[in-house]
Amino acid sequence: TATTFDPSALGSGPHTIIYHYTNGSGCSDTASKVVYVKICTGIENIDLESAVAIYPNPANDELYLQSDLFAANNITPVVYDINGKAVSLSYTRLANKIRFATQNLAAGSYYIKLNINGLTVNKRFVKK
């Protein structure tokens, strides 16, 4: 509206912004761009994948997950092999870290599934 774009007034979804310009010589042009607006509120919209660090990756005998989200939440990680089969893997929680003992895992690719505040986070790692 006029020279203002207020996404909260328009709501989520695609919106076309049209810009029209006329210079002092009378030359004019118009450009348009479609933008997608997503109204986000609350912790559930945080990019949880990037909020959880995994290291070292590839792993040898130990693997760590670390996030400030771990300290205030009850989290139970589940490890899966590349075929989607749950793998028994011991772990220890240390405030904002989870330490996995990976020395007995076979070499290959694995996934760790976490539930944080009702949202699922998947992290992939490789065992050397």
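Two strands count as paired if DSSP finds at least two bridges between them. With that in hand, here is the report on this predicted model.

**Overall make-up**

The chain holds 2 helices and 10 strands. Read from the N terminus, the order is α-β-β-α-β-β-β-β-β-β-β-β. There are 128 residues, and 25% of them are buried.

**Strand β4 and its partners**

Strand β4 covers residues 62–66. Strand β3, residues 53–55, pairs with β4 in antiparallel fashion. A hairpin of 6 residues connects β3 to β4. Strand β8, residues 97–101, also runs antiparallel to β4. The table sets out the two pairings.

| Strand pair | Direction | Bridges | Residues facing each other |
|---|---|---|---|
| β3 (residues 53–55) and β4 (residues 62–66) | antiparallel | 3 bridges | I54 and L65 |
| β4 and β8 (residues 97–101) | antiparallel | 5 bridges | E62 and A101 |

Which residue of β4 stands opposite I54? That residue is L65.

**In brief**

β4 is joined to β3 by 3 bridges and to β8 by 5 bridges. The β3 link also includes the 6-residue hairpin.

Methods. Residues numbered from 1 in each chain as written. Predicted model: local features only at pLDDT ≥ 70, side-chain atom pairs only at ≥ 80, totals over all residues. Heavy atoms only, no water. Helix = DSSP H or I, 4+ residues; strand = E, 2+ residues; numbered from the N terminus. Buried < 20%, exposed > 50% of the residue type's maximum accessible area, 1.4 Å probe, protein only.
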